[in-house]
Amino acid sequence: MRLRVSFDVPTRRDLRVFGGYCVAAAVYIAIGATWIDFLFSFWVGLAYVVITAWAVPTLVRRLA
Amino acid sequence: MSWAAHDLEPYAIQKHTKLKLAFVPLLIGSYSPDMMTKWFVYGIHLGPWDLKASDPAQFHRGWPGFGFTHSFIYGVAVGLLIWKVFGSKLWGVSFIVGQFAHAITDTGDTVGTMLLFPWTFHFHLGAWAYAGQTGRMTDAAAYFSGLGSMWDLVFVVYGLWSWRVLTSSYFDNYIYRADAFWPWLNRWVPRGALVTVYRAAFFYGTSRWIAWTVWAHVIHHYPYDLSWGGPHWVPAAHP
């Protein structure tokens, strides 16, 4: 019997999306670590991620 | 208490249930036990008044107090109410699962939760110190120095390992289809924004975990103490 190991490999598009979220997260973390009040609210986090991970990229794509 | 697990657990639960649960009430259920109480545990300034519980641990987890919000009976009662009011069994059950996850996770600290309220026994593993009574900043420093933050990290890693649960195709095939809430919201909000909203709690929990860790250990140099019941440099509350 031969064991086959398979890995669920993300596509290039998946990685590009993930990279975008990582950049947004890096900025969020930098702001939050220096101005801690920024981390307290889920709603602030929700608004932040919708703006940075969806609204801005959508706007840039439309303008390009 | 947990600082990020309640944001992250719903994704792990979702991965194993797929169509059987609705994500939004699952997340609301996961947040619900602390929704009414956290502000009074840490205290707030309201004009000339300082509002804070005289015994935060008792108020948060005990009886008399709001500890019943961390019990199974509370989850079932609110879940049944949601079922009755909104006419959605799916929303009611999903809320219950999320609330149960919160109540069980919080048994990890030194105060624990009254899972079987009205029996007021506190189920507690005592793995990390409950330090809500010391104020928000010291509580954060303690939490992110002990095993509680490692428990959160398990869910961060598990979420990243189960990355498919965060993809737009997963959202389309499972999350969107499972719950009429998403098509309803889709009347006004584009699909791309809905996917981002779905991912928001994972983003929030993971980013906040990293930011608090940086704040506690890079900026302020609080010592790590991953021993059972730690960190022992903070006075832990007990039931």
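This is a predicted model: local features need pLDDT of at least 70, side-chain atom pairs count only at pLDDT 80 or more; totals for chains, interfaces and linings use all residues.
1. Chain A. This chain has two helices and zero strands. Of its 64 residues, 20% are buried.

2. Helix α1 of chain A. It covers residues 12–34, which makes 23 residues. From first C-alpha to last, α1(A) reaches 33 Å, close to the 33 Å expected at 1.5 Å a residue. Its buried residues are A:Tyr21, A:Ala24, A:Ala25, A:Tyr28, A:Ile29 and A:Gly32. The cover over these buried residues comes from both chains: it includes α2 (42–63) of chain A and α11 of chain B.

3. The interface. Contact between the chains involves 18 residues of chain B and 19 residues of chain A. On the chain B side, twelve of the residues are nonpolar, four are polar and two are charged. Helix α11 of chain B belongs in this picture, as part of what covers the buried residues of α1(A).

4. Helix α11 of chain B. Still, α11(B) is bent, by about 45° at B:Arg199. After the helix comes B:His221, with a positive phi near 60°.

5. Helix packing within chain B. Helix α1 (residues 5–17) packs on helix α8 (residues 147–161) at an angle of about 40°. The two axes are 9 Å apart. The crossing of α1(B) and α8(B) is left-handed. From α1(B), the contact uses B:Ala5, B:Leu8, B:Glu9, B:Tyr11 and B:Ala12. From α8(B), it uses B:Trp151, B:Asp152, B:Phe155, B:Val156, B:Tyr158 and B:Gly159. By class, that gives eight nonpolar, one polar and two charged residues.

6. Neighbours of B:Ala129. Leaving aside residues up to four places away in sequence, B:Ala129 touches B:Asp109, B:Thr110, B:Ala142, B:Gly146, B:Gly229, B:Gly230, B:Pro231, B:Val234 and B:Ala236. One of these deserves a separate mention. B:Ala236 is 107 residues from B:Ala129 along the chain, yet their C-alpha atoms are separated by 5.0 Å.

Key: Residues are numbered from 1 along each chain as its sequence is written. Chains are lettered from A and ligands numbered from 1 in the order in which they are written. Two residues are in contact if their C-beta atoms, placed from the backbone, lie within 7 Å. Ala, Val, Leu, Ile, Met, Phe, Trp, Tyr, Cys and Pro count as nonpolar, Asp, Glu, Lys and Arg as charged, and the others, Gly among them, as polar. The bend at a residue is the angle between axes fitted to the seven residues ending there and the seven starting there. Helices (H or I, at least four residues) and strands (E, at least two) are DSSP runs, numbered from the N terminus. The expected span of a helix is 1.5 Å times one less than its number of residues. A residue is buried if 20 or more other C-beta atoms lie within 10 Å of its own, exposed if 12 or fewer, and partly exposed in between; C-beta atoms are placed from the backbone. Axes are lines fitted to C-alpha atoms, for helices over the stretch in contact, and angles run from 0 to 180 degrees between N-to-C directions. A crossing is left-handed if the near helix is turned anticlockwise from the far one by less than a right angle, and right-handed if clockwise.
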